[in-house]
Amino acid sequence: MKKIIYILLPLLVLVVKVNGQITIDSVLVNIAKNNKTIIANTKYWEAKNLEYQTGLNPYNPKVDYDYLIGTPENAGNQTDFAVTQSFDFPTVYVKKKQLSNEQIKQTEFQLKANRQHVLIEAKLICIELVYRNKLNSELSIRKQNTEKWLFAFQKSLEKGEGNIMDVNKAKLQLIEINAAFQQNLSASNQLNQKLTELNGGIPIQFSDTGYSTFDLIPTFETLEKEIEAKDPVRKYLEQEKAIGQSEVALSKSLTLPKIETGYHYQAILGQRFNGIHFGLTIPLWENKNTVKTKQAELNLNEANLQDHINEHYYDVKQKYERMINLKIILDEYQTLFSSLNNVELLDKSLSLGQISTIEYFMEMTYYYDALKNYLKIEMEYNKVVAELYRYQL
């Protein structure tokens with residue numbers, strides 16, 4: 001048993017150290033590496049890139065051989081041999097290569113958009129966990145304080161100096177605090193489980209109480225331009241438009257004739273013939289309306305891009321305004337709580353008999369409700385800032 005303890009102790013110390021170093025940024029690094037959705041999406045687009053590079057070469061060559069037995073016998077036998085190669089019009093291969101390059105380029109933006117979607121979800125969970133961890137700390141302090149007074153009231157009652165109303169009031173407060181503590185603990189466990197899921201099933205226990213730091217928030221116009229310049233969804237849609245333009249150009253090239261050339265050999269009745277084979281496919285019906293279809297799809301891509309630009313602009317604007325409003329409220333709370341020492345004052349007033357037990361617990365409830373609102377505003381502020389800066393993930 002002692003040997004097992006000696007073996008496990010260093011590991012436990014290591015776990016404590018590692019856990020102590022877990023921050024929001026380190027969680028995101030792990031999830032970016034382990035998330036199954038990101039991994040699967042990466043493999044999918046690797047396969048699509050290979051697909052985009054197929055079909056760029058000419059058609060396979062064709063070999064024909066015929067041996068024909070003549071009737072009657074003096075008619076002789078006939079041998080035919082031909083090797084042919086078909087080509088699209090030369091401009092088609094140029095357009096196919098351009099389309100392939102545009103499709104491969106789009107992959108980068110799709111992968112980045114998917115990665116940001118996963119990481120912003122993880123970051124918002126971490127931010128809520130910071131709030132839960134802070135709330136847990138405050139509830140623990142409140143619980144200890146209430147337990148202290150309950151013990152004091154019970155001692156006074158035993159000595160015949162207190163009253164049962166004080167004891168019952170303290171017990172009621174303790175029940176409510178324990179209920180809030182358990183609810184908060186349950187919410188924290190669920191959030192940690194969600195983080196573990198996002199981390200590919202590798203357990204994460206996030207217990208940090210510090211939010212990510214942000215630089216000074218710029219003006220809306222500056223921030224909006226920076227977001228739009230790096231928005232992977234916009235770049236994806238812009239690339240979709242470029243792909244549509246390449247598809248229109250390719251469909252126009254496919255309306256040009258196909259060329260077939262090769263070698264033809266023929267032998268009959270002791271005579272031999274050989275020479276060059278040349279053919280031309282005239283595209284009268286096969287590609288009818290293809291150009292119109294691709295042009296319509298291009299128009300749709302342009303409309304989707306403009307719709308996203310408009311929607312994204314107002315989404316950023318709403319988040320920015322919400323951030324400003326939350327910051328004003330948050331600053332007011334921070335100023336207030338930096339100068340408050342209500343718990344000490346209330347404890348002292350109750351000890352000196354200046355306030356009743358009911359007044360004490362009512363004032364404590366007001367104080368902790370305000371503190372909880374402050375922590376919630378702090379969480380909401382950090383969430384909206386994280387959403388605005390998701391383009392950096």
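Which residue in β4 does Gly 262 stand opposite? Gly 262 faces His 277 in β4. Before I continue, this is a predicted model, in which local features need pLDDT of at least 70 and side-chain atom pairs count only at pLDDT 80 or more, while totals for chains, interfaces and linings use all residues. Residues are numbered from 1 along each chain as its sequence is written, and side-chain values use heavy atoms, with hydrogens and water left out.

Strands here are DSSP runs of E with at least two residues, and helices are runs of H or I with at least four, numbered from the N terminus. Two strands pair if DSSP finds at least two bridges between them.

The open sheet has four strands in the order β1-β2-β3-β4, with antiparallel pairing. Because β1 (62-68) and β4 (271-281) each have a single partner strand, they stand at the edges, and one side of each lacks a neighbour in the sheet.

Strand β3 (residues 258-268) is joined to β4 by eleven bridges, and Tyr 265 stands opposite Asn 274 in β4. These two strands, β3 and β4, form a hairpin with two residues between them, and Leu 269 in the turn has a positive phi of about 55°.

Turning to the helices, α4 (residues 90-158) and α7 (residues 232-253) pack at about 165°, with axes 9 Å apart. Axes are lines fitted to C-alpha atoms, for helices over the stretch in contact, and angles run from 0 to 180 degrees between N-to-C directions. The pair is therefore roughly antiparallel, a term for angles over 145 degrees.

Key. Parallel < 35°, antiparallel > 145°, perpendicular 65-115°, else oblique.
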